[in-house]
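Please look through this note with the structure open beside you.

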Amino acid sequence: MICGKTHLRGNTVELQGPRGAEIIAAFKKAGVGIVAALPDIWTSQGLLWPLSRDNDIRLLRVCKEDEGISICAGLSFCDQRAVMLMQYTGLLDSINNIRASAVDYKLPVCMVVGLLQKEPDKKPTESKRYGIRIVEPILDAMGVDRILIEGSEDVALLPPAIDKAYATSRPMAALIGREVRK
Amino acid sequence: MMRRDDCFKALAALRGDAIVVPAYTAAFEWLRASPSPLNYFSIGAMGQASSHALGLALGLPHHKIVVLDGDGSLLMNMGALVTIANIAPRNLVHFVNDNGSYEANGNHPTPGKDRVSFAGFARAAGYPHVFEYDDLAAWQKELPRVLSLQGPVFGVLKLVPGEPLEMDYDFIHGPAVRQKFKDALKPILAKGRTSRPEPAVTQ
């Protein structure tokens, strides 16, 4: 089922993505104090730029996504909650480190992953884009918990998913199915 | 050239309660030189030691973190030099064990082993302190000062392997060693909660 509030524009129905402010508020509700990130045009304007100006969350700009996975893993030993924000291409590029640092070691590595150009009215597995179609099956094969955030109403799923990751010491991924709005 | 085990003995004598993050073959020589629950072996995939160490350095800003990277490992995560230099954790010391070899995988040469300058990479990335050692006496003499500097500090150790060791990867990647590390961190974390945290920064 496709979630998300609809917005009428002319005669067409536009499915809207979540707002960045809502995701930042969800991070704070979950006690996230650090976000490691590589820019992704799907989340750039709505989420990453506002995060870069946020006084409560420390933004770490990394050069490659697997660095961020390791940084989050290291921080998890220090009782500090962190998130790696990236595009799905970065997730795919980081699979081996997620396998090792997060899954094998059973560490609470939390990832927020933009599904760039996923069609707003389609499930990720129904996308015409191969790279998007394979994301959920790969996470399932690896045993990584996942949630899908399509619109504002889905953002409420994020804090309990992060809480669960830390409570069970397991990785999780929040997939962002539509472009994040300002 | 220094022997790695000799080099590590000198560092072990000065580590105090520093957390040490050793990579690959060096991990086993380090384990023999300095067995401690504050050794962090859980570096995940090849190349990731310095990034795990950065997470620890940010999470424990008042505690010294020393990473013993490999040359092949660092080549696999070169961007980490830029990330670390940009974030500039004051408590991070980053050594790379440069033997020009993928030692854990059949001793094949690393690409460009006779031309690559890790010190040059680190300087260009913006590390404020960069050193290079190929002489044990110089390493022993300067190590106290190097460890006392405000980081991030980068040091290249030109070396050859020490005594051959049995390499028990199941041990260093297993859950028991992580639990010991977590237990050893508890008093450090408790102490850190009474310290003033690093300010949040925007970039």
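Helices (H or I, at least four residues) and strands (E, at least two) are DSSP runs, numbered from the N terminus. This is a predicted model, in which local features need pLDDT of at least 70, side-chain atom pairs count only at pLDDT 80 or more, and totals for chains, interfaces and linings use all residues. Residues are numbered from 1 along each chain as its sequence is written, chains are lettered from A and ligands numbered from 1 in the order in which they are written, and side-chain values use heavy atoms, with hydrogens and water left out.

1. Two loops of chain A. Lys106(A) sits in the loop between helix H5 (95-104) and strand E6 (110-114) of chain A. Its phi is near 55°, a positive value in a residue other than glycine. Lys106(A) is partly exposed, at 48% relative accessibility. Here buried means under 20% relative accessible area, exposed means over 50%, and partly exposed lies in between (1.4 Å probe, protein chains only). Ser169(A) also has a positive phi, near 55°, and is not a glycine. Look for Ser169(A) in the loop between helix H8 (158-168) and strand E8 (172-176) of chain A.

2. Strand E8 of chain B. Start with residues 153-160 of chain B, which form E8(B). Six of the eight residues in this strand are buried, so the strand is mostly covered. Which strands pair with E8(B) in the parallel sense? Strand E1 (residues 2-3) of chain B does, over two bridges. Strand E4 (residues 92-98) of chain B runs parallel to E8(B) too, joined by six bridges. Strand E7 (residues 129-133) of chain B is parallel to E8(B) as well, with five bridges. Two strands count as paired if DSSP finds at least two bridges between them.

3. Partners across the strands. Arg3(B) has Val160(B) as its bridge partner in E8(B). Val156(B) in E8(B) stands opposite Val96(B). Glu132(B) stands opposite Val156(B) too. From E7(B), the chain passes through helix H7 (residues 136-148) of chain B to E8(B), in a right-handed β-α-β crossover. Right-handed means that, with the strands pointing away from the viewer, the path from the first strand over the helix to the second runs clockwise.

4. Helix H7 of chain B. This helix has 13 residues and spans 19 Å from first C-alpha to last, close to the expected 18 Å. The expected span is 1.5 Å times one less than the number of residues. A kink of about 45° lies at Glu142(B), shortly before the proline Pro144(B). The bend at a residue is the angle between axes fitted to the seven residues ending there and the seven starting there.

5. At the start of H7(B), a side-chain oxygen of Asp135(B) comes within 3.3 Å of the backbone nitrogen of Ala137(B). Which residues of H7(B) are buried? They are Trp139(B), Leu143(B), Val146(B) and Leu147(B). Their cover includes E1, helix H1 (4-14), strand E3 (65-70), E4, E7 and E8 of chain B.

6. Pro152(B) is in the loop between H7 and E8 of chain B. The peptide bond from Gly151(B) to Pro152(B) is cis, with omega near 5°.

7. Arg4 of chain B. Is Arg4(B) buried or exposed? It is buried, with a relative accessible area of 2%. Arg4(B) belongs to helix H1 of chain B. A contact means heavy atoms within 4.5 Å. The side chains of Arg4(B) and Glu29(B) make a polar contact of 2.9 Å. A polar contact is a pair of N or O atoms within 3.5 Å; within protein, one must be able to donate a hydrogen and the other to accept it, and residues adjacent in sequence count only if both atoms are side-chain atoms.

8. Ser70 of chain A. Ser70(A) is in helix H3 (residues 65-76) of chain A. Its relative accessible area is 0%, so Ser70(A) is buried. Leaving aside neighbours within four places in sequence, Ser70(A) contacts Asn97(A), Ser101(A), Gln48(B), Ser51(B) and His52(B).

9. Helix H7 of chain A. Val135(A) lies in this helix. Val135(A) is buried, at 1% relative accessible area. Among its contacts, leaving aside neighbours within four places in sequence, are Tyr88(A) and Leu115(A). Glu136(A) is buried, with a relative accessible area of 9%. Not counting residues up to four places away in sequence, Glu136(A) touches Pro124(A), Thr125(A), Arg146(A), Leu148(A) and Leu175(A).
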